[in-house]
Amino acid sequence: MNKPGEKVMQGVFLVSALMSIIALLTIIYFIFANGLPIMFRYGFFDFIFGTEWRPSNNPPMYGLLPMITGSIFATLGAAILGVPVGVLTAIFMAEFCPDWLYKVLKPAVTLMASIPSIVMGFFALRLLVPAVRENFGGNGYSMLSAILILSIMILPTIIELSESALKTVPRTYYSASIAMGASHERSVMNVLVPAAKSGVLSSVVLGIGRAIGETMAVVLVAGNQPIMPGGLLQGMRTLTINIVLEMGYATGEHREALIATAVVLFVFIFIINGSFLVIKNKGDNQ
């Protein structure tokens, strides 16, 4: 082996690994350095728990609670609808799906993952919004429409990663269960699924992360009103929508407040990933 060549490649791999860390630290520094000052200058609790967002008011009002609440409700709703459907679909594709149907479903799921967010938004605008309006009332631009499109958008991530996790479980687990007299269904649900729970949980984390960070699809259907959510059929605004709608013309303190919104969003994602990491580690240690 060429030892100098090995050292060069080790250096290349090290630099490649450090690039992601450096990029993450740079993003964190930019967001927090530009967002925290306005939070403490305006009042941390007033900024987080204030219910009025009126940047053009005199004096301006930067209450972020309506957007925080909207993001939480939309993400929870998407998880409640999307996670069970995604995990069960992955189980079906991995262990129950006929070969001829799998050849159709697998490319369809992959293609669904590659559809741009704005296209999904137009789909929701033309189909989901009228369906909500006709069947549930209201004008259709509501939290329910946002939840429905988000639950659809997280499906490919959950399905593909959960299926991969199930297929990485050694088949000896399944064979041993069958040999002990368990049925196919019981072997899958009681042996393979628990063995793949680490990968399934990771897929759920990534799916929820996409839901809370999604913007373009939700902005077309959510109503985009910076008010406290009044119900599933009322309009609302998420943290990401708040940033994308106003950053284009924001200046000065208003711009700082929007960057502070990104700080709150970053903290939410950090909490979600940290919580699931703790749950995952506890499960692995049992």
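Modeller: Let's begin with secondary structure: helices are DSSP runs of H or I with at least four residues, strands are runs of E with at least two, and both are numbered from the N terminus. Over residues 141–161, for instance, the chain is 86% helix and 0% strand, with end C-alpha atoms 31 Å apart. Two ground rules: this is a predicted model, where local features need pLDDT of at least 70 and side-chain atom pairs count only at pLDDT 80 or more, while totals for chains, interfaces and linings use all residues. Residues are numbered from 1 along each chain as its sequence is written, and side-chain values use heavy atoms, with hydrogens and water left out.

Colleague: How do you know which residues the "transmembrane region" annotation covers?

Modeller: That comes from the record: an unreviewed UniProt entry gives "transmembrane region" for residues 12–32, 63–96, 108–129, 141–161 and 257–279. UniProt positions use the numbering used here, feature names are shortened, and annotations may be inferred rather than shown by experiment. In the model, residues 63–96 are 94% helix and 0% strand, and their end C-alpha atoms lie 50 Å apart. The unreviewed entry also has "domain: ABC transmembrane type-1" on residues 68–276. That span is 78% helix and 0% strand, with its end C-alpha atoms 20 Å apart.

Colleague: Why is helix α6 called largely enclosed?

Modeller: Buried means under 20% relative accessible area, exposed means over 50%, and partly exposed is in between (1.4 Å probe, protein chains only). Nine of the eleven residues of α6 (residues 143–153) are buried, so the helix is largely enclosed by the rest of the structure. Among those buried residues are M143, I149, L150 and M153. They pack against α3 (65–96), α5 (117–136), α7 (155–167), α10 and α11.

Colleague: What makes E214 buried or exposed?

Modeller: Its relative accessibility is 7%, so E214 counts as buried. E214 sits in the loop between α10 (197–213) and α11 (216–219). Contact means heavy atoms within 4.5 Å. Leaving out residues up to four places away in sequence, E214 touches S117, L150, M153 and T240.

Colleague: What makes the link between the side chains of E214 and S117 a polar contact?

Modeller: A polar contact is a pair of N or O atoms within 3.5 Å; within protein, one must be able to donate a hydrogen and the other to accept it, and residues adjacent in sequence count only if both atoms are side-chain atoms. The side chains of E214 and S117 are joined at 3.2 Å. A polar atom of the E214 side chain also lies 3.4 Å from the backbone nitrogen of M216.

Colleague: How do you know whether H254 is buried or exposed?

Modeller: Its relative accessibility is 11%, so H254 counts as buried. H254 belongs to helix α13 (residues 252–285). Beyond four places in sequence, H254 is in contact with W53, P55, Y62, E246 and Y249. The C-alpha atoms of H254 and S56 are 8.7 Å apart, though 198 residues separate them along the chain.

Colleague: What makes a set of residues a nonpolar core?

Modeller: Such a core is a set of buried Ala, Val, Leu, Ile, Met, Phe, Trp, Tyr and Cys residues joined through side-chain atoms within 4.5 Å. The largest one here has 63 residues, and M39, F47, W53, L64, I149 and V264 touch the most other members. At least three of its residues come from each of domain 1 (4–54) and domain 2 (65–285), with bounds from an automatic or database domain assignment. F47's contacts beyond four places in sequence include M39, W53, L64 and V264.

Colleague: Why is the pair F32 and F266 called edge-to-face?

Modeller: Rings of Phe, Tyr and Trp (its six-membered ring) pair if their centres lie within 6.5 Å; planes under 30 degrees apart are stacked, over 60 edge-to-face, and the rest tilted. The structure holds six aromatic pairs. F32 and F266 have ring centres 5.8 Å apart and planes at 90 degrees, so the pair is edge-to-face. It links F32 in helix α1 (residues 3–42) to F266 in helix α13, 234 residues apart. F32, at 22% relative accessible area, is partly exposed, and F266 is partly exposed at 25%. F44 and F45 form another edge-to-face pair, with 5.5 Å between centres and 85 degrees between planes. F45 is exposed at 58%, whereas F44 is partly exposed at 34%.
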